[in-house]
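Trainee: Could you take me through this structure, please? I am new to it.
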Amino acid sequence: MSARMKFICDTERCIDCNGCVTACKNENETPWGVNRRRVVTINDGSPGELSVSMACMHCTDAPCLAVCPTNCIYHTADGIVLHDKDQCIGCGYCSVACPFGAPQFPETGLFAHRGKMDKCTFCAGGPEEDMSEAEFKKYGRNRIAEGKLPACAEQCATKALLGGDANAIGAIYKERVDTRGYGPELWGWEIAYERKPK
Amino acid sequence: MSAGRSLRRIALLGPLLLLGGCLEVPQYPPYENGAYAGKKDNLQFQRGFGNDPEKWNAAIAQRVRGQNEYLRSKP
């Protein structure tokens, strides 16, 4: 069975260094204003603040894929969500549908001109010949075809950001939680998982 | 306005209005079942790994394991 590629960000480890954002921009040479990945900090400056690194989550049931009027978004065999920039019309429907704000648009101009959508590719390029110049220019580097993981996850100093096969990184995360003795002190965790008193 | 004049107007405009409907074109594109319509992508292991998925899987699995620092030292 092929892998299903996912990201997990351990909020207990993320230190808001923005190394992942820098690594992504450097690896994919994205233009000014396009941030495929960014770090969000909740309760910034207050005790107990938490940071999480956010990008495309490569959803299994991706809403962007469902709403795209030109059907330019697809899943690879490994569950990575990619898109064809030649087919994209820059309508922005995917941006509205995405719950994580992943789709980015490189231009702002007259008549709401936005340019072609750009988003995290899990460093897997796009529908061009793998590791070609055309692929790099349109989608960035294809590290997955080189047998490597996304640059953001591999360079993470605290290993807060994990990328790879969902089961494998889930096991790494579980081991951490078991070792430190508590789960993520995450916003919404109690709402989602707190057992109600009988 | 005389009745003859009205009849003449109806006789002239009536067919035009009726024929106007003939210019209507269907506005709904055919349903495509949401299938991907862009360029075909090749598989990740085809270029760099000589079309060997096992080799590629092993390389990726090795990198994934590398993210687990507990394998090097347990706290």
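Trainee: How many helices and strands does chain A have?
Mentor: Chain A has seven helices and six strands; these are DSSP runs, with helices being H or I of at least four residues and strands E of at least two, numbered from the N terminus. This is a predicted model, in which local features need pLDDT of at least 70, side-chain atom pairs count only at pLDDT 80 or more, and totals for chains, interfaces and linings use all residues. Residues are numbered from 1 along each chain as its sequence is written, while chains are lettered from A and ligands numbered from 1 in the order in which they are written.

Trainee: In what order do the elements of chain A run?
Mentor: From the N terminus on, the order is β-α-β-β-α-β-β-α-α-α-β-α-α.

Trainee: What share of chain A counts as buried?
Mentor: Of its 198 residues, 38% are buried, meaning that 20 or more other C-beta atoms, placed from the backbone, lie within 10 Å of the residue's own.

Trainee: And what box do the C-alpha atoms of chain A fill?
Mentor: Taken along the principal axes, the box is roughly 55 × 40 × 35 Å.

Trainee: Turning to chain B, how many of its residues are in contact with chain A?
Mentor: 26 residues of chain B are in contact with 34 residues of chain A, where contact requires C-beta atoms, placed from the backbone, within 7 Å.

Trainee: Which elements of chain B give two or more residues to that side?
Mentor: They are helix H2 (45–48) and helix H3 (53–65) of chain B. The largest share, five residues, comes from H3(B).

How values were computed. Two residues are in contact if their C-beta atoms, placed from the backbone, lie within 7 Å. A residue is buried if 20 or more other C-beta atoms lie within 10 Å of its own, exposed if 12 or fewer, and partly exposed in between; C-beta atoms are placed from the backbone.
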